[in-house]
Amino acid sequence: MSIATINPATGETVKTFTPATQHEVEAAIARGYARFDDYRHTTFAQRAKWANATADLLEAEADQAAAMMTLEMGKTLASAKGEALKCAKGFRYYAENAEALLADEPADAAAVGASQAFARYQPLGVVLAVMPWNFPLWQAVRFAAPALMAGNVGLLKHASNVPQCALYLADVIARGGFPQGC
């Protein structure tokens, strides 16, 4: 399968990419699990700091991100900029609310014959996301922001016609401070 940025307005191949080999995919999964062992123990406050820094970058780079989305998938500049800014809002929402959303919930202790019962939310590990092309940043952020704030790490398999969007998202998350491998 070919992976390329093809300008939908002109049909011009702007840039091509080499698909990951099976070995490279397996190595990425292994890096994710290795990172998860440490990352799951980070605090909500630390994750929120990184999420807010990522949101800052998305806001500052909204015009560049919009131009990239327009080039790769034909979204209007106004719609693409709105998408980039929505991604920043998504990171901020989970930065501000994840701890409360994932707090232990009391349960009916008597129903299970216990003196105390609750539901506890814990990180799962490496979360795989297979994403479409039509909202190349937002679809990925709506998985990545809550997963990262919950203490999980992610592995993204993006649509093959928006490779630069996928690479940008990984880059902006890393520049926001999330540890490599998240």
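Predicted model: local features only at pLDDT ≥ 70, side-chain atom pairs only at ≥ 80, totals over all residues.
**Overall layout**

The protein chain has 182 residues, and 37% of them count as buried. Reading from the N terminus, the order of elements is β-β-α-α-α-α-β-β-β-α-β-α. So much for the order; here is the extent. Along its principal axes, the C-alpha trace spans about 70 × 40 × 30 Å. As for contacts, take those between residues at least 6 apart in sequence: 72% of them join residues at least 24 apart.

Two packed helices are described by the angle between their axes and the distance between the axes. Here is how that works out for two pairs in this model.

| Helix pair | Angle between axes | Distance between axes |
|---|---|---|
| H4 (residues 77-101) and H5 (residues 138-149) | about 15° | 9 Å |
| H2 (residues 44-60) and H6 | roughly 125° | within 8 Å |

Start with H4 and H5. With an angle of about 15°, H4 counts as roughly parallel to H5, because the cut-off for that label is under 35 degrees. H4 passes H5 in a right-handed crossing. On the H4 side, the contact is made by Glu 83, Lys 86, Cys 87, Gly 90, Phe 91, Tyr 94, Ala 95 and Ala 98. H5 brings Trp 138, Val 141, Ala 145, Pro 146, Leu 148 and Met 149 to that contact.

Now for H2 and H6, whose axes cross at roughly 125°. That angle makes H2 oblique to H6. The crossing of H2 and H6 is right-handed too. From H2, Thr 54, Leu 57 and Leu 58 take part, and they meet Tyr 168, Val 172, Ile 173 and Arg 175 in H6. The residues of the H2 and H6 contact come out as five nonpolar, one polar and one charged.

**Aromatic rings**

A pair of aromatic rings is described by the distance of the centres and the angle of the planes. How many aromatic pairs does the model contain? The count comes to four aromatic pairs.

Take Tyr 39 and Phe 178. Their ring centres are 6.5 Å apart and their planes sit at 55°, so the pair is tilted. This pair links distant parts of the chain, 139 residues apart: Tyr 39 belongs to helix H1 (residues 22-39), while Phe 178 lies in the segment after helix H6 (163-175). Are these two residues buried or exposed? Tyr 39 is buried, with a relative accessible area of 1%, and Phe 178 also counts as buried, at 3% relative accessibility. Tyr 39 and Phe 178 form one aromatic cluster together with Trp 50.

Then there are Tyr 93 and Tyr 94. Their ring centres are 5.0 Å apart with the planes at 90°, so this pair is edge-to-face. Tyr 93 is partly exposed, with a relative accessible area of 40%, and Tyr 94 counts as partly exposed as well, at 25% relative accessibility. Tyr 94 has already turned up above, as one of the H4 residues in the contact with H5.

**Two loop residues**

Pro 8 sits in the loop between strand E1 (3-6) and strand E2 (13-17). It is partly exposed, with a relative accessible area of 49%. What does Pro 8 touch, leaving aside its neighbours within four places in sequence? Its contacts are Thr 70, Leu 71, Glu 72, Met 73 and Gly 74. Pro 8 and Tyr 121, on the other hand, are 113 residues apart in sequence and 43 Å apart in space, C-alpha to C-alpha.

Ala 107 is in the loop between strand E3 (105-106) and strand E4 (118-119). With a relative accessible area of 42%, Ala 107 is partly exposed. Setting aside neighbours within four places in sequence, Ala 107 is in contact with Ala 117 and Phe 118. Glu 72, which is one of the residues touching Pro 8, is 35 residues from Ala 107 along the chain, and their C-alpha atoms are separated by 48 Å.

Conventions:
Residues numbered from 1 in each chain as written. Heavy atoms only, no water. Axes fitted to C-alpha atoms, helices over the stretch in contact; angles between N-to-C directions. Helix = DSSP H or I, 4+ residues; strand = E, 2+ residues; numbered from the N terminus. Parallel < 35°, antiparallel > 145°, perpendicular 65-115°, else oblique. Left-handed = near helix turned anticlockwise from the far one by under 90°. Contact = heavy atoms within 4.5 Å. Buried < 20%, exposed > 50% of the residue type's maximum accessible area, 1.4 Å probe, protein only. Phe/Tyr/Trp six-rings, centres within 6.5 Å; stacked < 30°, edge-to-face > 60°. Nonpolar A, V, L, I, M, F, W, Y, C, P; charged D, E, K, R; others polar.
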